[in-house]
Amino acid sequence: MLEVLAPGPLATVQDLGRVGYAELGVSRSGALDIAALRLANRLVGNPESCAAIELTYGGAALRAHTSVWCALTGAAAPLSVDGRPAPYGVAFGLPAGSSLAIGLPRYGIRSYLAVSGGIAVAPVLGSRSTDTLSGIGPEPLNTGRILPVGPGDPGARAASSVLPGAGDARRAAAPPARDAVSPEVRGPETGAMPASGAGPFAVDFVPATMPGGEIRLRVRRGPRDDWFSDPGELLRHAYTVGQGDRIGVRLDGPPLARAVTGELPSEGLLAGAVQVPGDGRPLVFLADHPTTGGYPVVAVVHPADLGLLAQARPGTRVFFHGSQR
Amino acid sequence: MLVRRYGWDGLLLEVDDPAAWFRTLRAARERGELTCEEIVPAARTVLLRGVRGEPRWTDLTPSAAPPAPPSRLDVPVHWDGPDLDAVASAWQADPARVLRETEFTVAFCGFAPGFGYLAGLPERRWLPRLASPRARVPAGSVALAGPYAGIYPRSSPGGWQLVGRTELVLFDLDREPPALLAPGTSVRFTDA
């Protein structure tokens with residue numbers, strides 16, 4: 001179990017999202033930076049689909065009630081366990097009774113904290129993700145919230161044991177047992193790290209790809225590019241990240257002129273859709289997007305680039321690139 | 001039918017009868033003839049997301065559409081919405097009587113889980129949205145905008161004209177299925 005001591009500006013439980021309910025108005029939701037979620041899970045030996053905590057601008061703290069492995073990916077924030085520095089992008093042990101503090105990231109917005117076994121809140125419609133638009137899934141985390149942790153997955157253990165050298169690397173990376181950290185608070189039940197012998201991998205290097213001043217996003221034009229007098233303008237202008245949340249990100253820049261006036265009857269939306277409302281300024285939808293919308297979508301951002309956009313702070317310059325058609 | 005590409009794994013079908021296409025495509029998916037993650041009908045389109053391999057549309061044209069599912073819902077309404085008088089004067093008729101006598105069908109869902117766009121109003125009954133939306137529309141509100149009627153599944157901001165409210169719970173995660181309204185469901189308003 002984990003206890004939330006401080007959630008920071010917004011902390012939610014996220015996994016890969018809920019698939020198959022869009023026809024009922026329920027969007028996919030799930031981690032905004034999917035690659036970072038998957039990596040965090042791999043680092044602690046979980047299946048990539050496990051639920052983890054998505055932090056927004058860090059500033060959070062948690063206490064472990066049972067010993068777990070943790071890893072932080074995404075926006076790199078300074079970490080400490082009971083005041084001692086802990087590494088970013090590497091699995092580390094969080095002994096029962098210890099507290100993890102996550103500072104403010106220098107770049108990026110969303111950090112992912114995975115724990116061995118995954119966050120085991122009850123799934124809703126097949127997912128543990130919080131959908132901030134529809135309110136489906138667990139409430140955003142608040143101080144005092146207790147989060148159950150899953151038992152870990154035997155499949156992940158089997159997979160890890162076949163990788164050459166993994167066992168040695170794990171031993172080398174094994175965190176000190178609780179008694180080596182602070183023996184005075186050690187209780188009878190709180191001593192060892194999970195005794196699976198199948199802890200997470202040690203890795204030497206985790207590439208951090210947090211956007212600095214500018215990002216480039218692949219787009220494919222359509223489905224409603226014919227509603228604009230010159231949809232290619234999207235590729236020629238520079239935009240700036242404006243307001244954003246889990247639903248979408250507004251971009252500031254020259255407005256796109258419409259060729260077709262009038263209203264588009266509502267049609268389906270997906271994450272990455274670049275929708276252009278009446279003021280001509282594009283909005284890119286992220287995981288908690290509405291399932292239908294009535295403004296034309298001029299282009300769609302490649303799914304693999306959406307994590308980059310979700311990590312881009314307001315003021316980041318955005319360039320779109322892709323085929324003209 | 002016109003097929004538009006929608007990003008990397010989406011196809012947007014412009015069709016005459018999205019509800020019939022929705023039923024046909026879902027049946028094809030159940031038979032394994034179509035692989036996709038989402039099928040989202042809307043006013044004049046059906047969006048397929050997570051499509052693997054482009055289906056043979058000629059095999060899927062809804063001439064072979066399964067008939068509309070027999071699902072039918074009676075919605076008991078208290079006719080006390082704040083826009084009831086405005087709607088009565090726009091229609092020159094009693095809104096409760098008009099809505100009771102109209103056979104509605106869920107054309108598509110969206111806006112919020114459990115919200116269905118209910119089609120069936122004749123064009124002379126179509127109404128504009130409010131010029132400025134309400135910050136809070138109570139859950140269960142029965143509302144009108146454009147060609148549609150709708151029922152707010154939970155309290156939310158909204159710009160539709162409110163004619164009444166129902167005590168039905170439109171979306172309940174403890175129920176299977178959670179939504180009372182799905183594309184194709186036929187709906188009749190009654191007096192509560």
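Two strands are taken to pair if DSSP finds at least two bridges between them. In the predicted model described here, strand 1 (residues 2-6) and strand 4 (residues 60-64) of chain A meet this criterion, being joined in the antiparallel sense by 4 bridges. Within this pair, Val4(A) lies opposite Leu62(A) of strand 4 of chain A. Both strands belong to an open sheet of 6 strands in chain A, ordered 7-6-9-4-1-11, with antiparallel pairing. Its edges are formed by strand 7 (84-86) and strand 11 (146-147) of chain A, each of which pairs on one side only.

A further open sheet of chain A comprises 5 strands in the order 2-3-10-5-8, and here too the pairing is antiparallel. Strand 2 (10-14) and strand 8 (92-94) of chain A are the edge strands, each with pairing on one side only. On average, neighbouring strands of this sheet are turned by 30° against each other, direction ignored. Strand 3 (residues 52-56) and strand 10 (residues 110-115) of chain A run antiparallel and are connected by 4 bridges. In this pairing, Thr56(A) is placed opposite Arg110(A) of strand 10 of chain A.

Helix 1 (residues 34-43) of chain A packs on this sheet and touches strand 2, strand 3, strand 5 (68-74) and strand 10 of chain A. The direction of helix 1 makes about 155° with that of strand 5 of chain A. The buried residues of helix 1 of chain A are Ala36(A), Leu37(A), Leu39(A), Ala40(A), Asn41(A) and Leu43(A). These buried residues pack against strand 2, strand 3, strand 5 and strand 10 of chain A. Just after helix 1 of chain A, Gly45(A) adopts a positive phi of about 80°.

Elsewhere in chain A, Val274(A) is located in strand 16 (residues 273-275). Residues count as buried under 20% relative accessible area; Val274(A) is therefore buried, since its relative accessible area is 0%. When neighbours within four places in sequence are left aside, the contacts of Val274(A) are Leu234(A), Pro282(A), Leu283(A), Val284(A), Pro296(A), Val297(A), Val298(A), Ala299(A), Val300(A) and Val301(A). Thr292(A) is 18 residues from Val274(A) along the chain, and the C-alpha atoms of these two residues are separated by 13 Å.

Chain B contains 4 helices and 13 strands. For its 192 residues, a compact globule would have a radius of gyration near 16 Å, and the value of 18 Å for chain B agrees with this expectation. The C-alpha trace of chain B spans about 50 × 35 × 30 Å along its principal axes. Of the 192 residues of chain B, 53% count as buried. The accessible surface of chain B amounts to about 9000 Å², and carbon and sulfur atoms account for 50% of that area. Among the contacts in chain B between residues at least 6 apart in sequence, 59% join residues at least 24 apart.

Strand 13 (residues 186-191) of chain B is joined to strand 5 (residues 72-77) of chain B by 6 bridges, and these strands run parallel. Val77(B) stands opposite Asp191(B) of strand 13 of chain B. Strand 13 of chain B is also joined by 2 bridges to strand 6 (residues 104-110) of chain B, in this case with the strands running antiparallel. Here Phe104(B) has Val187(B) of strand 13 of chain B as its bridge partner.

In helix 3 (residues 84-91) of chain B, the buried residues are Leu84(B), Val87(B) and Trp91(B). Because these residues cover an arc of only 65° around the axis, they lie on the same side of helix 3 of chain B. The partners against which they pack are helix 4 (95-101), strand 9 (141-145) and strand 12 (161-165) of chain B. The face of helix 3 of chain B turned away from the buried side carries Asp85(B) and Ala90(B), which are exposed. Gln92(B), with a positive phi near 55°, follows helix 3 of chain B.

Note on methods. Residues are numbered from 1 along each chain as its sequence is written. Chains are lettered from A and ligands numbered from 1 in the order in which they are written. This is a predicted model: local features need pLDDT of at least 70, side-chain atom pairs count only at pLDDT 80 or more; totals for chains, interfaces and linings use all residues. Side-chain values use heavy atoms; hydrogens and water are left out. Axes are lines fitted to C-alpha atoms, for helices over the stretch in contact, and angles run from 0 to 180 degrees between N-to-C directions. Contact means heavy atoms within 4.5 Å. The radius of gyration is taken over C-alpha atoms; the globule rule is 2.2 Å times the number of residues to the power 0.38. Buried means under 20% relative accessible area, exposed over 50%, partly exposed in between (1.4 Å probe, protein chains only). Accessible areas come from the Shrake-Rupley method with a 1.4 Å probe; for residues, only the protein chains shown count as cover. The arc is that of the directions from the helix axis to the C-beta atoms.
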